[in-house]
Amino acid sequence: MYRKKSNKDSLEYAENILNTIREPLIVLDQNLRVISANSSFFKVFREEPDETLGQLIYNLGNHQWDIPQLRELLERILPLEQSFDNYKVEHHFNTLGRRIMSLNARKIERKKGKEEIILLAIEDITEKEMAQLALEDSEERFRRLFETAKDGLFLLDKKNGQIVNANPAICKLLGYTQKKIIGKSLHDFHFSMVLDDFYILLEHLIIHGFISYNDIFVQNKLGTPVSIDLQIIDRSRFIQCNFRDITARKIADKEKAILTDQLNQAQRMKTVGVLAGGIAHDFNNILSIIIGNAELALNDISPENPVKENMETVLAASIRAKDLVSQILTFSRKDKAMLIPLWPQPLINETLKLLRSATPATISIIQNISKDCGMIMTDITQFHQIIMNLFGNAVQSMNEKGEVIVSLQEVNLNNKDFSHFSKMSPLTIKAPGAFARFSVADSGNGIGPHIMKHIFEPFFTTKKVGEGTGMGLSVVHGIIQSQEGFITVESEEDKGSTFSVFLPITHNEETHHVEVKKTILTGTERILLVDDEELLLNMTEQLLEQMGYTVTSEERSIKALKIFKTNPENFDLVITDQSMPEMSGGELASQILKVRPEMPIILCSGYSSKVSEENYRDTGIAMYLNKPYNRKALSGTVRKVLDGKGSK
């Protein structure tokens with residue numbers, strides 16, 4: 001130790017010992033002046049012996065040692081006690097920065113019964129304290145993360161694999177309190193994967209650091225399996241198990257798969273629609289030829305001829321094919337419905353008559369159609385589609401044996417009725433009042449509860465692949481809602497089903513009746529007929545001539561225009577197809593109207609993306625006639641235009 005050269009005493013022996021101690025030491029007299037200090041003190045605190053020995057301790061290092069806590073120890077604590085240990089002092093030194101010191105002080109008699117000296121040991125515990133604080137901070141952060149983590153966490157004892165801690169998330173997942181979990185093992189919760197012996201597991205963790213299990217099951221308190229991903233990680237003190245509940249993700253994945261399948265189905269339907277649009281013109285031309293020739297044949301066949309029934313079947317099938325193309329084109333074009341006031345009875349009767357020919361004779365059709373039911377606002381094609389779908393489903397449910405009861409009646413509904421109906425089917429709030437109730441009941445297999453809740457979903461079907469798209473009831477449901485109505489279902493397995501459609505009764509004074517009479521209107525006018533399909537041209541020419549008209553027919557539109565220009569006054573009416581080579585029907589009509597602006601023109605089309613029933617009026621054309629058309633539609637349209645009742 002360093003001391004004043006003149007100060008030689010019995011401490012010399014002790015000085016040699018103290019200088020070997022790594023901990024800084026300083027000796028003070030009873031006036032708190034430095035008698036001596038060991039080499040560690042000067043080295044650690046960067047003090048010089050000449051500036052230290054004999055100095056008041058508070059004056060050392062330009063008064064850096066004037067520390068309130070040190071004064072407390074030396075002036076208040078030690079006078080009352082002989083020694084004091086682990087006295088913590090924090091201070092900022094200009095040369096060292098902020099330091100944390102642990103002081104141990106001892107009072108020693110220098111000479112028996114006389115002067116006392118103070119031995120002060122100074123340990124720099126700054127790094128130790130900082131490390132402890134960092135550890136405490138780390139543990140606090142881990143505790144917070146552990147307790148607030150959304151994933152479940154277990155900590156396992158490395159000695160025996162028992163659970164020593166469990167966070168709130170895993171307690172919630174399993175349904176147990178933390179107290180019930182701690183002390184258990186993973187096996188106690190019935191993991192679906194096979195865990196190896198714990199010590200083999202531990203050995204694997206030591207080598208690889210972690211084990212991962214994806215999409216496994218753990219059993220909760222209620223015995224319900226819960227889907228999880230599990231990671232087992234080796235930590236320094238424990239084994240950490242991370243549990244992620246993937247139940248919601250699996251449900252979402254399942255729903256995504258369903259939506260993907262529905263999207264694929266929708267894309268296929270769109271493709272069908274595009275394809276239908278592409279072939280509709282030619283297909284409807286073919287249907288027009290079949291329908292027209294069937295009607296021509298029926299006109300020449302006596303009622304007693306057995307062939308008559310066969311031809312009527314051909315005609316009925318052709319009309320069904322026409323409706324099918326119309327439905328597909330509706331999906332393709334997304335046509336808006338044309339709602340008109342309609343007496344539903346004639347349309348129901350006519351449709352059932354057509355369906356009878358395609359229904360097995362072993363199935364009875366019972367009709368309870370009330371004549372007193374009022375009019376409804378509906379689209380004729382869409383209402384026909386409702387009847388076809390509901391009747392078709394009823395027939396298919398009975399395996400070619402049973403009965404279908406088709407009913408129509410007017411009913412008055414109130415809020416209580418709506419509350420009752422809402423328990424059977426999805427139902428938006430409707431205004432009380434009069435409704436037409438159209439019902440189709442069958443004696444088939446019925447619908448189970450697990451299927452009932454899905455029947456109106458798009459693409460849902462219980463039929464085999466290739467037997468149905470699942471679009472029928474969803475389309476029916478959409479049509480009914482668009483017409484401010486609703487549909488209900490009552491069914492019991494093995495006892496049949498009843499589908500009831502409710503459409504509001506209208507009091508619109510404008511009435512529209514479905515004409516079911518086969519009256520063919522006739523005339524003697526002169527008609528220029530243009531169509532590039534030879535068979536259709538010949539068939540239409542025959543129909544018109546049977547009605548009494550004088551017909552000039554032409555396959556080429558350019559030649560037809562030339563014929564017209566040669567003698568425009570020689571014709572009373574022009575009927576032209578839209579899709580033709582060289583010149584379309586619309587273009588031909590435009591050229592004819594330049595020559596004779598008042599000329600009545602009927603434009604026919606099986607399908608056209610440019611000309612439709614909605615926009616033909618802008619071209620000056622009198623009327624638009626959809627293909628395939630039958631004799632009645634043709635005669636009615638021709639007569640309407642010639643009598644000046646067309647759009648022009």
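**Strands, helices and single residues**

Tutor: Strand S7 (residues 152–157) and strand S11 (residues 238–245) run antiparallel and are joined by six bridges. Within this pair, Leu156 stands opposite Ile239 in S11. The model is a predicted one, in which local features need pLDDT of at least 70 and side-chain atom pairs count only at pLDDT 80 or more, while totals for chains, interfaces and linings use all residues. Residues are numbered from 1 along each chain as its sequence is written, and side-chain values use heavy atoms, with hydrogens and water left out.

Student: Why are S7 and S11 said to pair?
Tutor: Two strands pair if DSSP finds at least two bridges between them. The strands themselves are DSSP runs (E, at least two residues), as helices are (H or I, at least four), and both are numbered from the N terminus.

Student: What makes S8 and S9 edge strands?
Tutor: The sheet is open, with five strands in the order S8-S7-S11-S10-S9 and antiparallel pairing. Strand S8 (163–166) and strand S9 (210–219) each pair on one side only. On average, neighbouring strands of this sheet are turned by 25° against each other, direction ignored.

Student: What holds strands of a sheet together in general?
Tutor: Strands pair through backbone hydrogen bonds, either parallel or antiparallel.

Student: Which strands does S10 pair with, and over how many bridges?
Tutor: S9 and S10 pair in the antiparallel sense over eight bridges, and Ser212 has Gln231 in S10 as its bridge partner. Seven bridges join S10 to S11, also in the antiparallel sense, with Leu230 opposite Phe243 in S11. The hairpin of S9 and S10 has five residues between the strands, and Gly223 in that turn has a positive phi of about 85°. A hairpin through three residues joins S10 to S11.

Student: Why is S10 described as largely enclosed?
Tutor: Seven of its ten residues are buried, so S10 is largely enclosed by the rest of the structure. Buried means under 20% relative accessible area, exposed means over 50%, and partly exposed lies in between (1.4 Å probe, protein chains only).

Student: How do you know that Asp229 is buried?
Tutor: Asp229, which is found in S10, has a relative accessible area of 15% and therefore counts as buried. Among the residues that Asp229 touches are Tyr213, Asn214, Asp215 and Asn242; contact means heavy atoms within 4.5 Å.

Student: What places the side chain of Asp229 in a polar contact with Asp215?
Tutor: A polar atom of that side chain lies 2.7 Å from the backbone nitrogen of Asp215. A polar contact is a pair of N or O atoms within 3.5 Å; within protein, one must be able to donate a hydrogen and the other to accept it, and residues adjacent in sequence count only if both atoms are side-chain atoms.

Student: Why are helices H17 and H18 called roughly parallel?
Tutor: Helix H17 (residues 557–566) and helix H18 (residues 585–595) pack at an angle of about 10°, with their axes 10 Å apart. That angle makes H17 roughly parallel to H18, because angles under 35 degrees count as roughly parallel, over 145 as roughly antiparallel, 65 to 115 as roughly perpendicular and the rest as oblique. Axes are lines fitted to C-alpha atoms, for helices over the stretch in contact, and angles run from 0 to 180 degrees between N-to-C directions. The contact is made by Ser557, Leu561, Phe564 and Lys565 of H17 and by Leu588, Gln591, Ile592 and Val595 of H18.

Student: How do you know that Arg46 and Glu484 are exposed?
Tutor: Arg46 has 56% relative accessibility and so counts as exposed; Glu484 is exposed as well, with a relative accessible area of 58%. Phi of Arg46 is positive, about 55°, although Arg46 is not a glycine. Phi of Glu484 is near 60°, a positive value in a residue other than glycine.

Terms used. Lists of a residue's contacts leave out its neighbours within four places in sequence.
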